[in-house]
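Here is a short report on how two parts of one protein meet. Look over the sequence and the model first.

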Amino acid sequence: MEYFPLFFDLKNKPVLIVGGGEIATRKARLLRRANAIVDVVAEEIDGELVELIRASGGKLYQASYSASHIDKHVLVIAATDIENVNARVSADCQVRQIPVNVVDSPGLCTVITPAIVDRSPIIVAVSSGGDAPVLARMLKSQLERSLPGAYGKLARFAAKYRDKVKAALPDIDTRRRFWEATLAGDVAEQVMADNVELAEKNFNLRLAAGDADRGGEVYLVGAGPGDPDLLTFKALRLMQQAEVVLYDRLVTPAILDMVRKDAEFVYVGKRRSEHAVPQQQINQMLCDYALAGNRVLRLKGGDPFIFGRGAEEIELLAENGIPFQVVPGVTAAAGCASYAGIPLTHRDYSQSVRFITGHVKDGVLDFRWKEFVEDSQTLVFYMGLTGLPQICSQLIAHGKSPATPAALVERGTQPDQRVHIGTLSNLAKIVEERDVHAPTLLIIGGVVSLHKTLKWYKT
Ligand code: SAH
């Protein structure tokens, strides 16, 4: 190990920065987060830096650097662009055995600063010992993505109960197991979702019982339209925690691949007019799996609350007092539109957008068509493939121009996405001539004409 990692308590301790430019300001900002007193010596000084010094209760020496400035500081940072000043600062500190960091000159440092992921009080520090700072920063961004933003809340929750748990569970192994189960289970999720009341109730119940056995919980998660890169961080985290997964046809294999491998996978449909498992039964299954103590993932295409029957699925959970969370996903309209180069709204074409279900019931589509005729809106039909000819002809019959641009996006955001472009008068025919498969999304309105300019997809 080239360097020994330490975390430095700088609260109300004086730190000296030599230099007054942008880099000095960046360092001062960071030091302020640790509540250090920031003193600065520089001939010229950045406006924001003056403010940071003032806020920290520090002093500004508008002067050229001399060794006397160093005295009484617990840490010195040299951030000037003059090499011999930086070298002098380093030498002066080393004589006095004061830790010194010279920005971008590892050879002059006795301490180096890591790349950090800040989920205070959790802090992750990454260092390459000055050899490959870019690599360290890349690693930092990987960690940034994998550590939930709410980990800080979780750590504070644990801090609050630390003594109580220690008193209740004196045996160190029992205590460790209790914390491991608690920090990865439903209580943790409830804390991170800001449902502290429920978290505390469950936590105390389990502590009183002397075990950390989880109660069940359901995560209703939007998986987006197909491209796994469109998953949210939260979706991914819950996908990797669940023990049971109920998924339907819209969830692509690439996304299922990201679910915890040893989870139990349950396919519950549904293709159009072929409901593998009736809705009521799905609702009941969610309840049953959760009541048996499982963390249950209900993975749905797009967003669970947009034509997803998400509300029905959680109603029964709520009735049974089963904790649940709903995680939004990128809905097909947003995903397909972006990946097809069609903005859903545009100052010149469309001031509103409607999401409509094009599901044909008993052979008819029952709409107030007149509302759809207004030109300054975009119409998006979900489940509109079968009804496509009827939708187009009805819109024309009710007064919308036959020349209105229309697009059918097939398997939007997926590797085999296709975009079929036409107008109200010819799109149905175009689609009929091509071998088109669900899922498809129909977008109608002036905005569709922009796809030519914004196009970056395959047709
Ligand atoms: N909750 C989902 C919609 C479920 S309804 C969401 O928010 O996206 C199912 C319909 O969504 C399909 O019939 C289709 O119209 C649309 N859809 C979902 N994924 C799609 C995709 N990748 N490409 C095109 N349409 C899609």
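## Domains

Domain bounds here come from an automatic or database domain assignment. The model itself is predicted. The assignment gives domain 1 (14-113), domain 2 (151-208), domain 3 (217-330) and domain 4 (333-454).

## The contact between domain 2 and domain 3

Domain 2 brings 8 residues into contact with 9 residues of domain 3. Together the two domains bury about 570 Å². Carbon and sulfur atoms account for 45% of that area.

Three residues stand out on the domain 2 side. Ala184, Asp186 and Glu189 provide 62% of the area that domain 2 buries against domain 3.

The interface of domain 2 and domain 3 holds 1 salt bridge. Glu189 pairs with Arg237 in a salt bridge, and their closest N and O atoms lie 2.9 Å apart.

Between domain 2 and domain 3, 3 residue pairs are in polar contact.

## The domain 2 side

Which helix gives the largest share of the side of domain 2 that touches domain 3? Helix α7 (residues 186-192) does, with 4 residues.

By residue class, this side of domain 2 divides into 4 nonpolar, 2 polar and 2 charged residues.

Key:
Residues are numbered from 1 along each chain as its sequence is written. This is a predicted model: local features need pLDDT of at least 70, side-chain atom pairs count only at pLDDT 80 or more; totals for chains, interfaces and linings use all residues. Side-chain values use heavy atoms; hydrogens and water are left out. Contact means heavy atoms within 4.5 Å. Buried area is the accessible area (1.4 Å probe) that two parts lose on being put together, summed over both. A salt bridge is a side-chain nitrogen of Lys or Arg within 4 Å of a carboxyl oxygen of Asp or Glu. A polar contact is a pair of N or O atoms within 3.5 Å; within protein, one must be able to donate a hydrogen and the other to accept it, and residues adjacent in sequence count only if both atoms are side-chain atoms. Helices (H or I, at least four residues) and strands (E, at least two) are DSSP runs, numbered from the N terminus. Ala, Val, Leu, Ile, Met, Phe, Trp, Tyr, Cys and Pro count as nonpolar, Asp, Glu, Lys and Arg as charged, and the others, Gly among them, as polar.
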